[in-house]
Amino acid sequence: MSIIEVSHLTKFYGKSRGIVDVSFNVEEGEIFGFIGPNGAGKSTTIRLLLSLIHPTSGMGKVFGLDVTKHGPEIRRSIGYLPSEVFYYEGMKVIDLLKYSASFYEGNFTERIKYLSELMELEMNRRISDLSYGNKKKVGIVQGLLHSPKLLFLDEPTSGLDPLMQRKFFDLIREENKRGVTVFFSSHILGEVQRLCNRVGIIREGSMVEISDIRSLQQNNYKKISVTANGLTPEFFDTPGVTNVQTENGSVNFFFKGDINAMVQKVSNLKLEDVNIEEPTLEEIFMHYYE
Amino acid sequence: MNKMIFQHEFLIRIKSVITWSLSVSALLFVFFSFFSVFAVQAEMMQQMLEKFPKELLIAFGMNEMNYDTVLGYISFYFLFIQLLLAIQAGNYGFGLVSIEETEMTADFLLTRPVSRAKILTSKLMAALASMLLTDVVMWISMFTAISIFSEGKEYDLSTLLLLLFSVILFQLFFFSVGLMVSLLVKRVRSVTPYSLGLAFGAYVLSAFSGVFGDVKLEYITPFKHFEPTYIVNNGALNTPLVLINVAITVIALVAGYWLYLHRDIHAVS
């Protein structure tokens with residue numbers, strides 16, 4: 001069952017573009033990565049699905065319900081961690097979490113305790129006294145305390161130190177194992193690569209590619225680095241080769257095509273070193289933005 | 001209505017309510033403490049005022065007053081209490097949803113499983129409770145001041161009650177107009193300039209309405225709708241003007257709901 005269905009969703013802020021004709025589905029239980037640079041429309045998409053803003057045209061459904069009509073019902077089972085966290089400055093952490101919990105049915109005392117201990121969050125400090133990273137932790141606990149079925153994470157790791165990031169990722173994986181669907185928006189590709197099953201790439205308001213994270217890496221490009229005496233970049237001037245660069249006497253390039261042909265071509269050289277590897281998501285990603 | 005939002009909203013405003021209640025009461029006591037002086041020298045005062053330009057007296061609503069009666073004296077300074085209440089109500093109206101947006105907490109509140117209509121109703125009720133609390137303190141202060149300073153002079157209780165209760169409708173006007181305007185502009189950066197502008201603007205309109213007698217500015221300013229001297233001199237509200245006031249309030253509230261339900265909550269930029 002699709003947890004999120006987005007079809008031809010479009011949002012204009014007056015005349016300026018938010019997103020244009022975006023369509024995708026997120027299936028139950030998956031971690032869906034949503035990648036794009038700042039201003040590509042990641043937050044706009046999430047805010048549309050949370051009914052914080054209203055679509056210009058198109059349709060968004062969460063749990064099979066139209067987001068413009070069933071907002072409160074949908075949000076009962078949603079957790080949201082915004083990219084920038086802001087809470088009532090005068091409140092204490094524990095009071096804010098209790099206030100947040102009061103909107104959901106059930107007793108969450110144990111869960112709040114568990115999550116805040118895990119994230120090393122001090123409960124009796126005032127929100128206004130917290131550093132950015134600590135506010136982010138409040139956001140994480142607040143987003144997870146009611147055990148939502150769907151999590152929206154909008155650039156969740158900014159402000160967290162590496163140790164906390166790892167704890168956070170473990171927590172997300174743990175939630176995911178319990179069946180929680182995760183919509184993970186980020187411009188840091190490494191973390192998406194580590195966490196997600198599928199990714200959607202958004203650029204200037206439009207979806208460029210939706211693909212399995214493995215096939216995105218496999219079907220595409222090989223990163224090849226060759227070092228040989230008297231080698232010039234022109235040697236690799238054949239179809240399928242892109243991004244040729246010379247660095248410290250070695251030639252680096254991306255190759256897409258029959259790998260045998262390339263290996264044969266390279267075997268004619270008197271090699272000092274050769275390296276063929278999977279490109280990182282980062283490098284694939286740069287390719288989409290050229 | 002959501003009880004938690006109501007409670008949260010009410011508590012967030014409680015300091016402000018205490019400050020306003022004390023200020024209004026202090027003003028009321030200070031003014032009333034001069035009552036005996038005015039009452040004794042009413043004759044002299046009247047003579048002095050006759051030398052003032054008539055337009056000036058009209059502008060301050062001082063042309064039809066009896067300073068030596070309790071209600072006459074109250075109607076003379078009630079305007080200033082109204083002015084304070086107007087600023088307070090404007091503050092709450094302009095700030096009701098805009099503060100949440102400038103401080104970026106709107107994202108938190110609006111991603112809870114509550115409809116926007118419910119959120120607005122809860123916020124509205126909390127603000128009304130806050131204003132009503134200020135009124136109750138003001139009413140108690142009024143009766144206390146009368147018992148201390150009136151020197152046992154008689155006054156018509158029902159007229160006084162009418163004047164005191166009229167502030168509720170008076171405040172609602174500034175509150176709802178403030179709310180509507182805050183939703184019409186793109187972003188309210190600071191609430192105070194707006195509420196001061198609205199309150200003093202309405203007051204100036206009322207003053208000028210008196211100066212140019214034939215200009216019908218009284219239709220749009222609550223300071224005319226609930227003019228203290230009119231209420232005291234007639235022992236009744238100026239019904240047509242009050243109806244206009246209520247109509248504007250209702251329209252502003254309905255517009256406020258509509259705008260809020262259709263509003264885009266923008267991300268931090």
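These legends walk you through several close-up views of a predicted two-chain model, chains A and B.

Residues are numbered from 1 along each chain as its sequence is written, and chains are lettered from A, with ligands numbered from 1, in the order in which they are written. Because the model is predicted, local features need pLDDT of at least 70 and side-chain atom pairs count only at pLDDT 80 or more, while totals for chains, interfaces and linings use all residues.

**View 1. The two domains of chain A.** The domain assignment of chain A gives domain 1, residues 2-217, and domain 2, residues 221-288; such bounds come from an automatic or database domain assignment. Between the C-alpha centres of the two domains lie 39 Å.

**View 2. A six-stranded open sheet in chain A.** Follow the strands in the order S6-S7-S8-S3-S9-S10 of chain A, where the pairing is mixed. Strands (E, at least two residues) and helices (H or I, at least four) are DSSP runs numbered from the N terminus, and two strands pair if DSSP finds at least two bridges between them. At the edges are S6(A), residues 78-81, and S10(A), residues 206-212, each pairing on one side only. Neighbouring strands of this sheet are turned by 15° against each other on average, direction ignored. S6(A) and S7(A), residues 150-154, run parallel and share four bridges, and Ile78(A) has Leu150(A) in S7(A) as its bridge partner.

View 3. Residues count as in contact if their C-beta atoms, placed from the backbone, lie within 7 Å.

**View 4**

**View 5. A four-stranded open sheet in chain A.** Here the order is S2-S1-S4-S5 of chain A, and the pairing is antiparallel. S2(A), residues 16-27, and S5(A), residues 65-66, stand at the edges with a single partner strand each, so one side of each is left without a neighbour in the sheet. Five bridges link S1(A), residues 2-13, to S4(A), residues 57-62, in the antiparallel sense; Ile4(A) is found opposite Val62(A) in S4(A).

**View 6. Strand S11 of chain A and its partners.** S11(A), residues 222-228, runs antiparallel to S13(A), residues 250-255, with six bridges between them. Thr227(A) has Ser250(A) as its bridge partner in S13(A). S11(A) is also joined by six bridges to S14(A), residues 271-277, again antiparallel, and Ile224(A) stands opposite Ile276(A) there.

**View 7. Helices H6 and H8 of chain B.** The axes of H6(B), residues 70-102, and H8(B), residues 116-149, come within 11 Å and cross at roughly 160°. That makes the two helices roughly antiparallel, the word used for angles over 145 degrees, just as angles under 35 count as roughly parallel. Among the residues that meet are Tyr92(B) and Leu96(B) of H6(B) and Met131(B) and Met138(B) of H8(B). By class, this contact has 10 nonpolar, three polar and one charged residues; Ala, Val, Leu, Ile, Met, Phe, Trp, Tyr, Cys and Pro count as nonpolar, Asp, Glu, Lys and Arg as charged, and the others, Gly among them, as polar.

**View 8. Helices H6 and H9 of chain B.** H6(B) packs with H9(B), residues 157-184, at an angle of about 30°, their axes 7 Å apart. The two helices are therefore roughly parallel to each other. Their contact has 19 nonpolar, nine polar and no charged residues.

**View 9. Where chain B meets chain A.** The contact takes 18 residues from chain B and 20 from chain A. On the chain B side, H1(B), residues 3-12, and H7(B), residues 106-110, each supply at least two residues, and the largest share, three residues, comes from H7(B). That side divides into nine nonpolar, five polar and four charged residues.

Methods. Axes are lines fitted to C-alpha atoms, for helices over the stretch in contact, and angles run from 0 to 180 degrees between N-to-C directions. Angles under 35 degrees count as roughly parallel, over 145 as roughly antiparallel, 65 to 115 as roughly perpendicular and the rest as oblique.
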